[in-house]
Amino acid sequence: FRQAFAIQENLENDGVYRSQTWGVPGQRLQVILLDTRYARSPFLPLGSRNFPFHPVPSNDTSTPQQMLSERQWSWLETQLQQPADFRLIVSSVQVLNDVTGFECWRH
């Protein structure tokens, strides 16, 4: 899988995420692919058709729920500093949905 998509081997099992930039200055496109499942905090299956998942509450309030690992957040910050005229950030889960019980960033 990693070879077929030219994914770097130095990710050390921290998920599958990458970035690619195409084009010349003034027309440069950067596509950023996030892995929003590898390091995500666990979900509690509820069994409901409309709300099948709920974030598992953490008893330790010093450990907040997460979608990306610290390493991937740091990598993303670096990617966002790269020169690009247009960026497309791809998430494997819904981003703007605020009413669903399915996987999304609001959980």
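Buried here means under 20% relative accessible area; exposed means over 50%, and partly exposed lies in between, with a 1.4 Å probe and protein chains only. A word on the source. This is a predicted model, where local features need pLDDT of at least 70, side-chain atom pairs count only at pLDDT 80 or more, and totals for chains, interfaces and linings use all residues. Residues are numbered from 1 along each chain as its sequence is written, and side-chain values use heavy atoms, with hydrogens and water left out.

Now the layout. The chain has 1 helix and 5 strands. In sequence order the pattern is β-β-β-β-α-β. Helices (H or I, at least four residues) and strands (E, at least two) are DSSP runs, numbered from the N terminus. Take contacts next, meaning heavy atoms within 4.5 Å. Among those between residues at least 6 apart in sequence, 54% join residues at least 24 apart.

Start with the strands. Two strands pair if DSSP finds at least two bridges between them. Strand 1 and strand 2 pair in the antiparallel sense, over 5 bridges. Gln 20 stands opposite Val 31 of strand 2. These two strands form a hairpin, with 6 residues between them. In the turn, Gly 23 has a positive phi of about 100°. Strand 2 also pairs with strand 5, in the parallel sense, again over 5 bridges.

Look at Gln 30, in strand 2. Is Gln 30 buried or exposed? Its relative accessibility is 0%, so Gln 30 counts as buried. Across in strand 5, Arg 87 stands opposite Gln 30. Leaving out residues up to four places away in sequence, Gln 30 touches several residues, including Ser 19, Thr 21, Gln 79, Ala 84 and Phe 86. Gln 79 is 49 residues away along the chain, yet the two C-alpha atoms are separated by 8.8 Å.

That takes us to helix 1, residues 70-80. Which of its residues are buried? Gln 72, Trp 75, Leu 76 and Gln 79. In general, an α-helix has 3.6 residues a turn, so residues three or four places apart point the same way. What covers the buried residues of helix 1? The cover includes strand 1 (18-22), strand 2 (29-33) and strand 5 (86-90). The face turned away from the buried side carries the exposed residues Glu 70 and Glu 77.

Last stop, the surface. The accessible surface of the chain comes to about 7,600 Å², and 55% of it belongs to carbon and sulfur atoms. Leu 33, Phe 86, Leu 88 and Val 90 form a nonpolar patch there, with about 340 Å² of accessible area together. Strand 5 gives the most to this patch, with 3 residues. Val 90 is partly exposed, at 32% relative accessible area.

Terms used: Patches are made of residues with over 30% relative accessible area and no salt bridge: like charges are joined within 9 Å, nonpolar side chains (Val, Leu, Ile, Met, Phe, Trp, Tyr) within 5 Å. Accessible areas come from the Shrake-Rupley method with a 1.4 Å probe; for residues, only the protein chains shown count as cover. A salt bridge is a side-chain nitrogen of Lys or Arg within 4 Å of a carboxyl oxygen of Asp or Glu.
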